[in-house]
Amino acid sequence: MPDHEWNDFKWQMRNSIKTVDQLKLHIPLTPTEEQRLKNVTDVYHFMLSPYWMSLVNPDDPNDPIRLQSIPSGKELEVTSYGEADSLDEKEDSPVPGLTHRYPNRVLMYTTNVCSMYCRFCTRKREWIDGDFQMTRPQLDAMIDYIARTDAVRDVICSGGDPLMLSPVKLDYVLQRLKDIPHVQMVRLGTRVPTTLPQKITPELIDILERGKKVWVQTHFNHPREVTPTAAEACLKILRAGVPLNNHTVLMRGVNDDPFVMLELMHKLTASKIRPYYIFHCDQIKGAEYFRTSIAKGLEIMEYLRGHTSGLAVPTYVVDAPGGGGKIPVMPNYIVSVSEERWVLRNYEGMMVAVEEPPKPLRRLRRRRDRRPVEGVARLLSGDQPSLIPEHLLRYTRRAQHADAAQPTLVPHA
Ligand SMILES: *Cc1c(COP(=O)(O)O)cnc(C)c1O
Ligand code: SF4
């Protein structure tokens with residue numbers, strides 16, 4: 001087809017793949033698989049733009065792009081812990097569609113339409129209601145709550161996908177929020193730049209820019225999603241003065257590998273998108289097969305922190321069941337502690353003693369009681385400042401520098 005069609009999001013939407021019969025034209029399916037998928041799609045619908053489909057490797061049933069988007073028979077296998085609303089979002093809802101869980105920020109549900117239906121979605125429960133957008137009065141009720149609740153400084157518009165709202169409605173929401181003085185920022189959580197980047201049109205950019213307080217939270221999960229087309233769409237958003245932060249969901253078979261995650265974080269930062277969160281996969285009915293252990297997430301974080309730019313290291317969070325909110329988890333960097341010092345370790349395994357500031361009233365440990373100690377206790381005792389693992393590349397480099405002639409510094413005349 002001509003480029004102008006491919007680059008037109010309306011063409012992409014008109015030609016999106018929504019039925020198993022259409023899917024068969026793109027990927028091989030046995031008759032049994034076909035029947036299984038029809039059973040799944042009776043419960044959980046799907047939709048792929050031709051653009052997204054072009055990223056799928058049709059010959060690989062375990063392709064990470066495919067796993068996220070093409071229905072799987074596993075969606076109907078229920079486990080003991082999968083829940084429709086594992087985060088109890090409905091419990092913390094003062095007005096329908098609005099979740100007020102944290103002191104100064106609210107989550108606003110705007111539509112359940114998405115540019116793709118991710119198989120791992122936390123809001124899968126909403127899909128059975130069919131496509132809908134919040135009506136103007138429903139949006140007004142949420143915005144009125146925000147307007148009369150001074151504590152709210154940060155509004156997160158989610159869904160579904162707020163960038164799938166009609167432009168008139170999106171503009172209306174952003175303009176009303178712009179006019180509420182205590183609202184300092186508005187975040188739009190969206191997968192449009194990833195799955196339907198053609199929809200980032202000049203008209204949409206204009207709406208985001210006019211919204212003044214807008215930030216966009218993108219959602220890329222695999223390095224192959226960060227295509228030149230997606231990166232270009234993100235750059236257009238950045239040019240409108242809208243900062244970009246990314247969410248990633250940790251998923252079995254998709255990105256549960258430290259080097260895949262590292263590559264994703266590098267591609268994001270190379271496109272000026274700041275990795276914000278890696279989410280542990282929620283306990284969602286119909287998406288259990290994507291879950292990894294928390295240990296996998298910690299292992300990944302160990303491969304990121306220190307090994308690459310701090311800006312490329314997101315926070316790994318577990319969204320607590322029962323409405324506890326997001327809880328950050330990371331490898332342990334605190335090795336030990338006494339009243340005088342902390343023993344911390346860095347990513348290389350180097351352990352250092354960090355002195356506490358002196359407390360005038362603290363009784364100092366008497367020197368004569370001290371006996372020689374070994375290992376970590378030696379750092380605690382103050383006898384040694386650090387413990388350094390052998391064979392660190394950094395120390396090999398230092399040795400090389402020491403051998404090289406030092407340049408002579410000539411002061412300016
Ligand atoms: C994630 C979330 C927020 C925002 O959390 P941040 O840590 O500020 O990004 C707010 N409300 C709800 C209900 C959330 O799930
Ligand atoms: S874009 Fe977000 S809300 Fe929509 S299906 Fe994917 S994860 Fe769920």
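1. Strands E10 and E11 (residues 341-345) run antiparallel and are joined by three bridges; helices (H or I, at least four residues) and strands (E, at least two) are DSSP runs, numbered from the N terminus. Serine 336 has valine 343 in E11 as its bridge partner. Two strands count as paired if DSSP finds at least two bridges between them.

2. A word on the ground rules: this is a predicted model, where local features need pLDDT of at least 70 and side-chain atom pairs count only at pLDDT 80 or more, while totals for chains, interfaces and linings use all residues. Residues are numbered from 1 along each chain as its sequence is written, chains are lettered from A and ligands numbered from 1 in the order in which they are written, and side-chain values use heavy atoms, with hydrogens and water left out.

3. E10 and E11 belong to an open sheet of four strands, ordered E10-E11-E12-E13, with antiparallel pairing. Strand E10 (334-337) and strand E13 (386-387) are at the edges with a single partner strand each, so one side of each has no neighbour in the sheet.

4. The other sheet to look at is an open one of nine strands, in the order E1-E2-E3-E4-E5-E6-E7-E8-E9, with mixed pairing. Its edge strands are strand E1 (98-102) and strand E9 (325-328), each pairing on one side only. From one strand to the next the twist averages 30° (axes are lines fitted to C-alpha atoms, for helices over the stretch in contact, and angles run from 0 to 180 degrees between N-to-C directions).

5. E1 and strand E2 (residues 105-109) run antiparallel, joined by three bridges, and they form a hairpin with two residues between them. Threonine 99 stands opposite leucine 107 in E2.

6. E2, helix H7 (residues 136-148) and E3 make a right-handed β-α-β unit; right-handed means that, with the strands pointing away from the viewer, the path from the first strand over the helix to the second runs clockwise.

7. Further along, strand E4 (residues 185-189) and strand E5 (residues 214-219) run parallel, joined by four bridges. The bridge partner of leucine 188 is valine 216 in E5.

8. Two backbone spots deserve a look. Most residues other than glycine have a negative phi, and most peptide bonds are trans. Lysine 212, in the loop between helix H10 (202-210) and E5, has a positive phi of about 60° although it is not a glycine. The peptide bond from glycine 159 to glycine 160 is cis, with omega near 10°, and glycine 160 lies in the loop between E3 and helix H8 (167-178).

9. Which residues are around ligand 2? They are Cys114, Met116, Tyr117, Cys118, Cys121, Trp127, Gly160, Arg191 and His219, each with a heavy atom within 4 Å of the ligand. By class, this shell has six nonpolar, two polar and one charged residues (Ala, Val, Leu, Ile, Met, Phe, Trp, Tyr, Cys and Pro count as nonpolar, Asp, Glu, Lys and Arg as charged, and the others, Gly among them, as polar).
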